[in-house]
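Student: Could you take me through one part of this structure in some detail? I'd like to hear about the pockets.

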Amino acid sequence: MLLQNLTWPDVAALNKATPVIFPVAALEQHGRHMPLFTDSLLLGEIARRAEERLGDRALFAPLQWLGNSHHHMDFPGTLSAEPRVYLDLLCGLLENFIAHGFKRLVILNGHGGNDVPGKQATFETRQRHRDRHDLLLIFATYWNLEPEAHKSHPGLKQTSMRHACEWETSMVLRLAPQLVKDHRAVPPQEPGNAFEPAARAWTMRDRSEHGHVGDPREASAEKGEALFEAFARGAVAMIERVIAWDGQSWEG
């Protein structure tokens, strides 16, 4: 079910235990070879596949393309919401559907910069409704939902998601190859380990002159299709856990 295609009486008639999915992504630089809309294109396709498979068991809101991307602002074209503005936007989306009576709300994320404010938004919203025990507020980044994604195609070299990398470039090659420039001429960029396991504050310029991390030279449309299937499968499995939740317990 797509929210934008329903009338308000349609929404009012839904079972309020129906999960509501808010896909959130970004419009930010993706190196010299990839379109600014990469994150939104990829999450949009994953949400489309998930919605097709779930049918009327989950309600999908339109994709929110504006994300928190200040760490990419050294590269022209990036659009970014201030962190507190973005956090409040996500809180507002959740509060809208709590006001409409819905109890199971999922922010499905497709951009690394949204991770901290997204988790904080669900946490703050839960505190405002601390006396309720029937609310389930979830934040999930799609590439974390399928830990075996690196095994989805035998030719994949990377073992995890990077930025404008083999994985993302492969998926855009599958979805919109005309938007990818000469990825085979892009030099690889190692992610490094900075001060792990601590978390170092960074901008993309700290990590990469060209704006990507990983090795786009290894990308192919076939790998992209395998990754889309893996990530859609992971998203569906997570939403099915939300559907199956008993409405009260901590576990799910």
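Tutor: Let's start with the ground rules and then go through the pockets one by one. This is a predicted model, where local features need pLDDT of at least 70 and side-chain atom pairs count only at pLDDT 80 or more, while totals for chains, interfaces and linings use all residues. Residues are numbered from 1 along each chain as its sequence is written, and side-chain values use heavy atoms, with hydrogens and water left out.

A pocket here is an open set of points on a 1 Å grid over the protein atoms alone, where a 1.4 Å probe fits, with protein on both sides within 12 Å along at least five of seven lines; lining residues have an atom within 4 Å of a point. The largest pocket comes out at about 1,200 Å³, a volume being the space filled by probe spheres set on the points, which are joined across faces, edges and corners. Its lining runs to 40 residues, with His-71, Gly-112, Gly-113, Trp-202 and Arg-207 nearest the centre. Helices H3 (83–99), H4 (115–128) and H6 (204–207) each put in at least two residues, and H4 gives the largest share, with 5. (Helices are DSSP runs of H or I, at least four residues, and strands are E, at least two, numbered from the N terminus.)

H4 turns up again in the second largest pocket, where H4, strand S4 (136–141) and helix H7 (221–244) each supply at least two lining residues. That pocket holds about 560 Å³ and has 20 lining residues, with Leu-136, Leu-137, Ile-138, Ser-249 and Trp-250 nearest its centre.
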